[in-house]
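User: I'm new to this structure and would like to learn how to read its features. Could we take it one feature at a time?

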Amino acid sequence: MKQTKAVLAVALATTLLCAAQTTWSAEGPPVAPVRPVTDTYFGVKVVDNYRYMENLTDPGVQTWMKGQASYSRKVLDAIPGRAALAQRIQALSSSDDRRFEFARRGDRVFYEVLTSGANLPKLAYRDGLQGEEHILVDPAKLAKDSAHHFALDWFSPSWDGRYVAYGVSEGGSEKSVLHVVDLKTGSELAESIDRASDSIVSWRKDNQSFFYLRYPKTGPDTPPSQTEYNAVTLLHVLGQHTDGEGDEAVFGRGVSANLDVPEGQGTYVLLSPDSPYAIAVANRNMDESPNSFYVVPVDQIHGASTPWQKLADPEDGITDVQAHGDRLYIQSEKGASRFKVVATSAVHPDLAHANVIVPEGKNVIDTFSIASDALYVSERAGARFELHRVSFDGKTDTNVELPFDGAISHVTTDRQLPGALFGLQSWVKSPREIAFDPASGKAVDTGMNPPAKTESSDIESHEEFATSYDGTLVPVSIIAKKGIKRDGSHPTIVFGYGSYGLSMDAFYRPAWQAWIDQGGIVAVSHMRGGGEYGDAWHRAGQKLTKTNTILDFMASAQYLIDEHYTQSKLLAANSASAGGIVMGGAITLNPGLFRVVLDDVGMSDTLRAETEPNGPPNVPEFGSTSTEDGFHGLYAMSGYDHVHDATPYPAIMFTTGANDPRVAPWHMMKMAARVQAASDSGRPVLLRIDYDAGHGMGSSVSQRSNQLADEWAFALWQMGEPAFQPKH
């Protein structure tokens with residue numbers, strides 16, 4: 001949205017006037033002035049009382065934010081059981097070493113490790129699965145003071161395992177700076193390239209150069225919606241242009257006048273050491289939704305003149321392409337809601353006549369990875385996963401026997417080696433790193449992630465189904481102590497997400513024991529909008545059907561009441577990010593269903609989401625106000641626009657990070673201000689702000705533990721738990 005200088009001048013005057021009238025008292029949070037702005041969308045007038053908060057740099061807005069943060073801190077610190085709960089959560093969360101984000105380069109294995117008692121993960125490697133662990137990068141050593149921290153965002157090793165490109169950012173901002181470390185010398189190279197958030201680094205076979213993603217340089221007049229948009233792919237040679245300035249662009253929107261690359265968040269190039277072909281991706285939201293794909297021989301990549309051949313548009317339903325020799329292996333949802341894997345020639349791609357390697361079946365294909373011997377395909381089979389070893393021609397499909405039922409979090413292969421590494425975990429079993437050897441046909445625990453000390457045989461999980469408003473059965477995972485009585489007495493938190501086709505697969509969270517210790521129950525709702533049942537399940541909770549996601553979540557909560565696990569006065573809702581849409585519905589559609597709502601870095605004002613830095617990439621998922629259908633879908637899902645005055649809303653905690661690049665902090669700020677003004681229940685509505693955090697990525701263990709302690713102590717206080725009642 002373009003703004004004239006006159007409009008900006010009026011906006012500035014308005015926010016300065018707001019600053020002059022902002023009030024704060026020790027008895028309550030600072031009151032936000034109401035300065036209504038009215039927009040008309042296709043004949044519908046929508047009033048926004050707090051539009052001025054979108055200017056986060058305004059002194060008055062900053063004063064209000066600090067007042068809200070201070071008030072929330074004062075309230076939370078006064079809850080008696082909060083400090084002990086924080087210690088318990090911290091102890092549970094940091095009692096074991098954890099290794100994740102694996103990459104293989106021959107016998108050398110790279111990964112991130114969070115050691116017992118540490119606050120942040122480090123980059124590490126070992127030679128051989130049982131080799132000695134070596135630390136390459138410790139971001140904790142980059143911090144200059146205790147008020148700020150750095151985090152490792154991503155890493156990519158060269159094919160020979162000598163170099164590792166990696167990104168670090170400050171304060172949870174995800175604003176990565178690219179660096180390179182040399183394992184042979186143990187030293188850092190001169191490379192320091194900013195604007196490398198989300199960077200996908202693909203090394204060339206020379207192991208001296210790579211393609212990487214970089215966001216455009218912005219200026220004072222760059223609209224927020226363009227600051228994290230249309231990143232391009234560049235070629236970098238080690239030791240040349242060490243700050244990235246002067247690196248040649250090879251792919252992206254605007255790079256070549258002869259190639260129409262669609263708008264989107266980022267573009268990147270994928271290479272394989274066993275193929276002479278490169279795959280380029282124009283990714284609308286840096287996710288696994290259908291995107292645009294291109295192919296070209298690697299030796300023909302020459303800057304803007306590269307003759308990229310388009311393989312697919314988003315309408316073709318392709319979510320992943322991997323090159324192997326002169327073949328392209330493709331994961332597609334075209335005509336296959338639960339996905340299929342097909343193959344075609346890289347020389348003359350023909351999607352219409354591609355060979356089916358893995359047909360659509362009863363399971364949902366989650367991902368596939370290519371090793372020297374076969375494809376390894378991870379499939380979601382209800383609440384559990386299966387791993388299949390599939391020959392390159394698709395004629396042989398062998399089911400790999402897993403050590404236990406659970407969810408496969410990743411499949412890691414090396415094109416130079418047979419077999420696969422994969423992560424396996426469940427709601428009650430901590431992550432294990434498993435190695436499958438095709439020679440023996442066995443999947444064996446590597447021991448790289450031993451069973452957590454926090455695992456308990458006293459805790460169990462099971463899967464049940466709630467019935468939504470239209471008769472749809474919605475899976476609900478329930479985690480609690482064994483033999484828990486269904487007497488309605490248990491404090492219960494219901495989690496859910498339901499966007500982008502992402503599934504809430506089983507994952508182990510040791511901190512949940514602190515809630516279960518209180519006699520509590522953890523429930524996870526697998527609503528429409530997620531990917532539990534494939535693409536159709538996703539599309540049934542998207543855009544104009546997004547209200548299905550909200551209603552499925554509420555049906556899951558009602559099921560827990562109807563089955564006597566809990567009751568409304570002991571029920572909390574919790575979600576984050578796009579799950580803020582669900583939390584907004586939980587607050588506004590039936591304010592009496594939940595006693596507590598915990599809304600973390602949530603999207604609440606969906607009508608304005610397009611204007612924020614990460615707004616445009618989300619249009620394919622949620623819609624745009626530029627179309628009438630888009631407006632109606634966004635208006636229906638906007639919690640902010642459905643808050644009504646004089647309504648008894650539940651106790652609510654909104655949380656945000658001041659450096660959030662994914663959901664602008666003003667979503668939670670505007671929602672908090674609106675509900676604080678509207679609620680007449682007398683229950684607290686808090687806005688918790690972490691000034692050294694972003695969207696949660698890169699937050700330290702202590703940050704996460706303190707946030708959980710704040711939220712759970714707040715919930716238990718409002719649920720009437722005696723040990724959490726402040727003294728008056």
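Analyst: The axes of H6 and H7 cross at roughly 60 degrees and come within 9 Å. Axes here are lines fitted to C-alpha atoms, for helices over the stretch in contact, with angles running from 0 to 180 degrees between N-to-C directions. Helices (H or I, at least four residues) and strands (E, at least two) are DSSP runs, numbered from the N terminus. Before we go on: this is a predicted model, where local features need pLDDT of at least 70, side-chain atom pairs count only at pLDDT 80 or more, and totals for chains, interfaces and linings use all residues. Residues are numbered from 1 along each chain as its sequence is written, and side-chain values use heavy atoms, with hydrogens and water left out.

User: Which hand does the crossing of H6 and H7 have?

Analyst: A crossing is left-handed if the near helix is turned anticlockwise from the far one by less than a right angle, and right-handed if clockwise. The H6 and H7 crossing is right-handed. On the H6 side, Thr549, Ile550, Phe553 and Met554 make the contact; H7 brings Ile581, Val582, Met583, Gly585 and Ala586. Contact means heavy atoms within 4.5 Å. By kind, the residues of this contact split into 7 nonpolar, 2 polar and no charged. For that count, Ala, Val, Leu, Ile, Met, Phe, Trp, Tyr, Cys and Pro are nonpolar, Asp, Glu, Lys and Arg are charged, and the others, Gly among them, are polar.

User: How many residues of H6 are buried?

Analyst: Buried means under 20% relative accessible area, exposed over 50%, and partly exposed in between (1.4 Å probe, protein chains only). In H6, 12 of the 16 residues are buried, so the helix is largely enclosed by the rest of the structure. Among them are Asp552, Ala555, Ser556 and Tyr559. The cover over the buried residues includes strands E33 (459–467), E34 (473–481) and E37 (571–576), along with helix H7 (580–588).

User: What span does H6 reach from its first C-alpha to its last?

Analyst: The expected span of a helix is 1.5 Å times one less than its number of residues. H6 has 16 residues and reaches 22 Å, close to the 22 Å expected.

User: Let's zoom in. What does the side chain of Asn548 make a polar contact with?

Analyst: A polar contact is a pair of N or O atoms within 3.5 Å; within protein, one must be able to donate a hydrogen and the other to accept it, and residues adjacent in sequence count only if both atoms are side-chain atoms. For Asn548, the partner is the side chain of Tyr469, at 2.6 Å. Asn548 sits in H6 (residues 547–562) and counts as buried, at 9% relative accessibility. Not counting residues up to four places away in sequence, Asn548 touches Tyr469, Arg528 and Ala540.

User: And is Thr549 buried or exposed?

Analyst: Thr549 is buried, with a relative accessible area of 0%. Its side chain reaches the backbone oxygen of Gly541 at 3.5 Å. Beyond four places in sequence, the residues that Thr549 touches include Tyr497, Met527 and Val582.

User: Now another helix. What covers the buried residues of H10?

Analyst: The cover includes strand E4 (44–48), helix H2 (59–77), H7 and strand E40 (685–690). Of the 13 residues of H10, 11 are buried, so this helix is largely enclosed by the rest of the structure. Trp666, Lys670 and Arg674 are among the buried ones. H10 (residues 666–678) reaches 18 Å, close to the 18 Å expected.

User: Which residue caps the N-terminal end of H2?

Analyst: That is Asp58, with a side-chain oxygen 2.9 Å from the backbone nitrogen of Gly60. Gly60 is one of the buried residues in H2, as are Trp64 and Tyr71. The 19 residues of H2 should span 27 Å, and the end C-alpha atoms are 27 Å apart, which agrees.

User: What about loops: where does Pro650 lie?

Analyst: Pro650 is in the loop between helix H9 (628–637) and E39. Pro650 is buried, with a relative accessible area of 3%. Gln518, in the loop between helix H4 (512–516) and E36, counts as partly exposed at 28% relative accessibility.
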